[in-house]
Amino acid sequence: MNKLILTSKGLTTGIGRDLIGAEIRKFDLSGRRIFVFHEPNMFTDAPIREACINMGFEECNIIFSSKYNNVEDIVNCDFYYVGEGNTFEILSIM
């Protein structure tokens with residue numbers, strides 16, 4: 001069964017990391033990719049990357065929307081995280 005996790009507390013907060021991490025850790029993440037829809041920010045990029053690694057994603061499988069090269073980077077991901085950002089930009093990417 002697929003799940004959609006909705007929370008106003010994202011990966012940049014302790015509560016968000018706990019909530020999202022508890023659900024994500026139910027899956028075998030080896031080789032799985034996560035696409036992070038996120039506006040680049042020097043204060044939040046590192047905590048989001050660290051949270052993804054702590055949940056079990058390999059760093060090479062964490063793709064930020066600000067750095068994607070092509071549509072296949074998005075389509076071939078197993079998980080999608082939508083953080084803060086421009087709603088219209090995120091919808092156009094999706």
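Some ground rules come before the details. The model is predicted, so local features need a pLDDT of at least 70 and side-chain atom pairs count only at pLDDT 80 or more, while totals for chains, interfaces and linings use all residues. Residues are numbered from 1 along each chain as its sequence is written, and side-chain values use heavy atoms, with hydrogens and water left out.

On confidence (pLDDT is the predictor's own confidence in each residue, from 0 to 100), the protein chain averages 82, and 82% of the residues score at least 70. Helix α2 comes out highest, at a mean of 93, whereas helix α4 (residues 87-93) is lowest, at 67.

The secondary structure of the protein chain comes to 4 helices and 3 strands. Here helices (H or I, at least four residues) and strands (E, at least two) are DSSP runs, numbered from the N terminus. Read from that end, the elements go α-β-α-β-α-β-α. Of the 94 residues in the protein chain, 34% count as buried; buried means under 20% relative accessible area, exposed means over 50%, and partly exposed is in between (1.4 Å probe, protein chains only).

Strand β1 (residues 34-37) pairs with both of the other strands, taking two strands as paired if DSSP finds at least two bridges between them. With β2 (residues 62-64), β1 runs parallel over 3 bridges, and Phe35 has Ile63 as its bridge partner there. With β3 (residues 79-82), β1 is again parallel, this time over 4 bridges, and Ile34 stands opposite Phe79.

The accessibility of Phe35 is 0%, and that of Phe37 is 1%.

The aromatic side chains make 4 pairs in total. Rings of Phe, Tyr and Trp (its six-membered ring) pair if their centres lie within 6.5 Å, and planes under 30 degrees apart count as stacked, over 60 as edge-to-face and the rest as tilted. One of the pairs is Phe35 with Phe37, whose ring centres are 4.8 Å apart with planes at 65°, so the pair is edge-to-face. Phe57 and Phe79 are likewise edge-to-face, because their planes meet at 80°, with centres 5.5 Å apart. This second pair links distant parts of the chain: Phe57 is in the loop between α2 and β2 and Phe79 is in strand β3, 22 residues apart. Both partners are buried, Phe57 at 2% relative accessible area and Phe79 at 11%. Phe27, Phe57 and Phe79 form one aromatic cluster.

What about the charged side chains, and how many salt bridges does the count come to? The count comes to 3 salt bridges, each a side-chain nitrogen of Lys or Arg within 4 Å of a carboxyl oxygen of Asp or Glu. Lys26 and Glu23 meet at 3.2 Å, N to O, and Lys26 is exposed, at 54% relative accessibility. Asp78 and Arg32 meet at 3.9 Å, N to O. Asp78 lies in the loop between α3 (71-75) and β3 and Arg32 in the loop between α1 (14-24) and β1, so the pair ties together parts that are 46 residues apart in sequence. Both are partly exposed, Asp78 at 38% and Arg32 at 28%. In the remaining salt bridge, the closest N and O atoms of Arg49 and Glu59 are 4.0 Å apart. This pair also links distant parts of the chain, with Arg49 in helix α2 and Glu59 in the loop between α2 and β2, 10 residues apart. Glu59 is partly exposed, at 48%.

That leaves the cysteines. A disulfide is a covalent bond between the sulfur atoms of two cysteines. Taking a disulfide as a pair of cysteine sulfur atoms within 2.5 Å, the count comes to 0. Cys52 is buried at 0% relative accessible area, and Cys77 is buried at 8%.
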